[in-house]
Amino acid sequence: MDVRQLKYFLAVVDHGGFGKAADHLLVAQPSLSQAIAGFERELGTPLFHRVGRGVVLSDAGKALLGPARVVLRDVDEAEATMRELKGLRGGRLDLITMPSPGMEPLTTILTAFVRKHPDVTINAEAGFTPDEVLTSVRSGACEVGVLGTPEPVRAPDLEVVALESQALVLISGPDDEVVGGATVRRDQLSGCRLIVSQRGSLMRALVDDVIADGIDIAIVAEIAHRTSILPMVLNGLGRAVMPSSWTQTARRSGARVQRIVPESYLHVAAVSRRIHLTAPATALMAEARAYFSRRADT
């Protein structure tokens, strides 16, 4: 097994077949097919099931996927280290984040990171559930994950840096009649038309609890992509329950924000593997710890 074989294997996976992978690698498709076939013979098991013109990962291919990404990332890091010794800078950081913590605190953390490491390329993928983020980090698809959960994140196999706890807030459009001042009681949500996230999120759980208490709330839309919710609020479709990370953006857009009492909190954390991190990932986790320390001192 060598680096070239792993690179070819991942290219087929990432591009969904041999044709596009060959174009990406700038090799002839027959050569790529022969290389993968030889790799499979060497391993003694198929990595792909050929389905029409496409391919589907076999169980062996699925098992190899995470370790292959880790190996190639470590090779890239080794090459980047050698380039740095020659006076060059660079590197790549692959991370995955849920939408709300992706606004804050990730924006503040990345700003500090980029000031210190301006030549590192950041690739940020979207994850919409805590399990999706944790799975991506565990598999090696991404090195760092940022997620929010109803309870403090616990993942014994990963490095976990608690960042902050974000209270849930009610975001209302500029033309909505707002009851109360800086805070709003849950019973004052009666009569609200709400845009909600899908079941399983802390924000949706609060809305469901309020409805279960007999408070008259109308759910006007259920949205999977939370980044779509604020524009809908601003256009008058309804109001929304969101983490406080949305406060600054919402107010800048003309929306009004009230903290909901009694309070519920989204616990935000950064996670990574404990070993074999690239230098950019190590530096980002250090920035995450520094962020927490600054918050703890205030």
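Rings of Phe, Tyr and Trp (its six-membered ring) pair if their centres lie within 6.5 Å; planes under 30 degrees apart count as stacked, over 60 as edge-to-face and the rest as tilted. The model is predicted: local features need pLDDT of at least 70, side-chain atom pairs count only at pLDDT 80 or more, and totals for chains, interfaces and linings use all residues. Residues are numbered from 1 along each chain as its sequence is written, and side-chain values use heavy atoms, without hydrogens and water.

The whole structure holds 2 aromatic pairs. Phe9 and Phe48 have ring centres 5.5 Å apart and planes at 45°, so this pair is tilted. Phe9 sits in helix 1 and Phe48 in strand 1, 39 residues apart. Helices (H or I, at least four residues) and strands (E, at least two) are DSSP runs, numbered from the N terminus.

Phe48 also pairs with Phe18: centres 6.1 Å apart, planes at 70°, so edge-to-face. Phe18 belongs to helix 2, so this pair ties strand 1 to a part 30 residues away in sequence.

Phe9 is buried at 0%, Phe48 at 3% and Phe18 at 9%.

Now turn to the lining of the largest pocket. Helix 4 gives the largest share, 9 residues. Helix 1, helix 2, strand 3 and strand 4 are among the elements that each supply at least two.

Terms used: Buried means under 20% relative accessible area, exposed over 50%, partly exposed in between (1.4 Å probe, protein chains only).
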